[in-house]
Amino acid sequence: MTTPADTPDRRFAGLPGRPGKIVAVHISYESRAAQRGRRPAQPSYFFKASSSVAASGGTIERPPGTELLAFEGEIALVIGTAARRVPLASAWDHVGWITAANDFGLYDLRAVDKGSNVRSKGGDGFTPIGPQLIDARTVDPAAVRLRTWVNGELVQDDTTAGLIFPLAQFVADLSQHFTLEPGDVILAGTPAGSSVVVPGDVVEVEIDAGGASSGRLVTTVVQGEGAGFDPALGSLPAVDDTQREEAWGSAEAAGLPARPPATTGLTPSLRAKLEAVPVAGLSQQLRKRGLDNVTIDGVRPLHPELKLVGTARTLRFVPNREDLFASHGGGYNAQKRAFDAVGEGEVVVIEARGEAGSGTLGDVLAIRAHARGAAGVVTDGGVRDADAVAAVGIPVYTAGAHPAVLGRKHVPWDHDVTIACGGTTVQPGDVVVGDADGVIVIPPALAEEVADAALAQEEEDAWIAARVAEGHPVDGLFPMNAQWRARYDRDRSTR
């Protein structure tokens, strides 16, 4: 006769056995950090109960009275040999296997428990793991791919190259504080793309590395029955628009009005001044202040009649290398993150090394920038679908049109960093101004001073042009000698 203690528990079918500890990482992927608007300097963690583990093919209940059950496709590290105060260099040796996991969370219950996630992520069935284990000895931890599907649609696709911290760091870090024992599980965090699921949805997660796959971890969402949570025992589910936006992944996905965009640092009066003065005038004033290397060379406008004024939001491409494009080019990559993050009045400035042999944006990203209220785009690379991009109507400066896709020449690498575009250095927040002559970059601290000086010079040049039109020779007038200067000052004082 078989006793309950002898009966294999199907919940742990995807693991060597029931884990003693499950430790989960909060934010670990660059894409998730960009989505949340916060990037951790060090890893942070929370515990999940082993009773929350479920096997592939099972169900997860959305409790009565709740609305924000969200999936998070993750890589699960299963400890093979005990780890206590192990160095980073040998930490991976203590990982026995990796497999797929889904770190479900109920945002309705986050408020009271804050980052501990005891109730929001500790429910029965909230940690599906499996179905197959991959031997960690066969795995390059820097080249593990994670994908998640909801109802057959791919919604997460990233690799460990997109992690803020390497997988082995989680093992080494945690081992400083307590012993990681065989069978313990570390959930390595989720990339961008996590969102809300509802009863009837089917979520699948798979990881693959070195030709080996975990297989698809399948979970079906069902509606829980009963009266729900007892108010006499503890906190009740509660949601607000902040929780809805974080659970769904964006205000748009949650059906909420977009948040007001961040201000760019350009006051309306300064913006008006910069719109009124030509780039040539600004260049002249910057040169007087010792700044010669501030023009973005080799780019031309798709709309010469439009003035470009805004602050820089930067994006950097590196030369294409097939393995790096495989790790950084797909999913919610740096290019998509930059265009999703650009704010009203900002200019997406792209470093493409002057390589125009492929597109660096097309009509979809131009539409996204326009919808976000961006002031324009400047790239020293090519543009695909140039006519469609021009039809969007925002100022775009480019080295030229090219039909090839990004991956022919470039890998989207990072954003919001100092870049080189068209031979000049551009930092996030720099003031960018463009017209038919070209594009110039102004240090923010000088923008007001340079704009005022350029406007004054424009007024003076207009007066000189009027005198030349009257028939006066340019000798002594351009530039003005003392006599002409005195006459100009008299005319100016009477206006």
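Modeller: Start with the largest nonpolar core, which has 36 residues. Keep in mind that this is a predicted model. Seven members touch the most other members: Ile75, Leu77, Trp92, Ile98, Val171, Ile186 and Ile207. Where do the core residues come from? At least two come from each of strand S1 (22–25), strand S6 (73–79), strand S7 (95–102), helix H4 (167–175) and strand S14 (202–209). H4 gives the largest share, with 6 residues. In soluble globular proteins, nonpolar side chains tend to be buried together.

Now zoom in on isoleucine 98. Leave aside residues up to four places away in sequence. Isoleucine 98 then touches Ile75, Ala76, Leu77, Trp92, Gln132, Leu133, Ile134, Val139, Val144 and Ile207. A second core is separate and has 21 residues. Among them are Phe339, Ile350, Leu365 and Val392.

Next, take strand S19, residues 308–319. Of its 12 residues, 10 are buried, so S19 is largely enclosed by the rest of the structure. Which strands does S19 pair with? With strand S20 (residues 346–351), S19 pairs in the parallel sense, over 6 bridges. There, threonine 311 has glutamate 346 as its bridge partner. Strand S25 (residues 410–415) runs antiparallel to S19, and 5 bridges join the two. One of the pairs is phenylalanine 317 with proline 412 in S25. Strand S28 (residues 431–435) is also antiparallel to S19, through 4 bridges.

Then look at helix H5, residues 241–248. Its buried residues are Gln243, Glu245, Glu246 and Ala247. The cover over these buried residues includes helix H1 (30–36), strand S5 (69–70) and helix H3 (110–113). Just after H5 comes glycine 249, with a positive phi of about 105°.

Finish at the surface. Val468, Val474 and Phe478 form a nonpolar patch there. Together they have about 280 Å² of accessible area. Valine 474 sits in the loop between helix H12 (447–469) and helix H13 (482–494). Is valine 474 buried, exposed or partly exposed? Its relative accessibility is 48%, so valine 474 counts as partly exposed. The cut-off for exposed is over 50%.

Technical notes. Residues are numbered from 1 along each chain as its sequence is written. This is a predicted model: local features need pLDDT of at least 70, side-chain atom pairs count only at pLDDT 80 or more; totals for chains, interfaces and linings use all residues. Side-chain values use heavy atoms; hydrogens and water are left out. Buried means under 20% relative accessible area, exposed over 50%, partly exposed in between (1.4 Å probe, protein chains only). Contact means heavy atoms within 4.5 Å. A nonpolar core is a set of buried Ala, Val, Leu, Ile, Met, Phe, Trp, Tyr and Cys residues joined through side-chain atoms within 4.5 Å. Two strands pair if DSSP finds at least two bridges between them. Patches are made of residues with over 30% relative accessible area and no salt bridge: like charges are joined within 9 Å, nonpolar side chains (Val, Leu, Ile, Met, Phe, Trp, Tyr) within 5 Å. Accessible areas come from the Shrake-Rupley method with a 1.4 Å probe; for residues, only the protein chains shown count as cover. A salt bridge is a side-chain nitrogen of Lys or Arg within 4 Å of a carboxyl oxygen of Asp or Glu.
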